[in-house]
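Here are a few notes to go with the model. Have a look at the structure first, then read the points in order.

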Amino acid sequence: MEQQTGHACSSNIFLIGFMGSGKSSISDYLRDHYAMEKIEMDQRIVQKEGMSISEIFDTHGEEYFRNLETQLLVELQQKQNMVVSCGGGTPMRETNVRQMKKNGKVVWLTASPETIYERVKDSHDRPLLEGNKNTDFIAKLMSRRRPKYEAAADFTIQTDGKSCAKICEELMQKLVEWEKQS
């Protein structure tokens with residue numbers, strides 16, 4: 001894929017999905033090939049708070065962290081031509097989904113529990129999986145989140161066995177089709 005200039009599409013893109021589904025890799029690719037601004041929600045929150053997500057959870061609790069996610073989504077309302085890599089739990093709150101849909105298209109990146117395991121098995125910055133790095137645990141957690149991801153997504157892209165280029169090509173094709181229907 002060649003470097004594109006200007007907007008890749010008229011919508012911002014919010015990437016949702018389970019950890020290891022490819023959100024960061026795909027947002028990097030879109031930034032580099034479509035000149036979009038990339039925003040990693042978790043990274044922004046960590047920078048703003050001056051502590052890791054684990055520390056935020058330990059010090060202030062999950063509700064506080066979820067409020068920070070919502071606040072960031074509200075702050076992003078004025079931006080255009082951006083791709084946002086959302087934390088895995090972002091779509092669990094209805095208000096977050098409304099904020100994303102107000103300002104762009106929500107794309108759910110999916111992968112099998114086996115693929116997720118292969119992608120995250122050597123990572124130690126995923127507190128939810130520490131001590132639980134196995135496909136059974138991953139499958140159960142994915143299954144609990146699935147209804148919220150499905151409800152939030154404007155469309156879904158399976159990432160198993162595909163290159164970033166192929167996934168982004170599919171994503172952009174779906175966005176163009178979506179915009180033609182609108």
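1. Let's start with a word you'll need throughout: a residue is buried if its relative accessible area is under 20%, exposed if over 50%, and partly exposed in between (1.4 Å probe, protein chains only). Helices (H or I, at least four residues) and strands (E, at least two) are DSSP runs, numbered from the N terminus. With that in hand, look at S4: seven of its seven residues are buried.

2. A quick caution about the source. This is a predicted model, where local features need pLDDT of at least 70 and side-chain atom pairs count only at pLDDT 80 or more, while totals for chains, interfaces and linings use all residues. Residues are numbered from 1 along each chain as its sequence is written, and side-chain values use heavy atoms, with hydrogens and water left out.

3. Now the overall layout. The protein has eight helices and five strands, and from the N terminus on they run β-α-β-α-α-α-β-α-β-α-α-β-α. Of its 182 residues, 44% count as buried.

4. What does S4 pair with? Two strands pair if DSSP finds at least two bridges between them. S1 and S4 do this in the parallel sense over five bridges, and Phe14 has Val106 in S4 as its bridge partner.

5. Zoom in on Ile16, which is found in strand S1. Is Ile16 buried or exposed? Ile16 counts as buried because its relative accessible area is 0%. Contact means heavy atoms within 4.5 Å; leaving aside neighbours within four places in sequence, Ile16 is in contact with residues including Cys86, Met100, Val106, Trp108 and Tyr149. Ile16 and Val84 are 68 residues apart in sequence, yet 8.7 Å apart in space, C-alpha to C-alpha.
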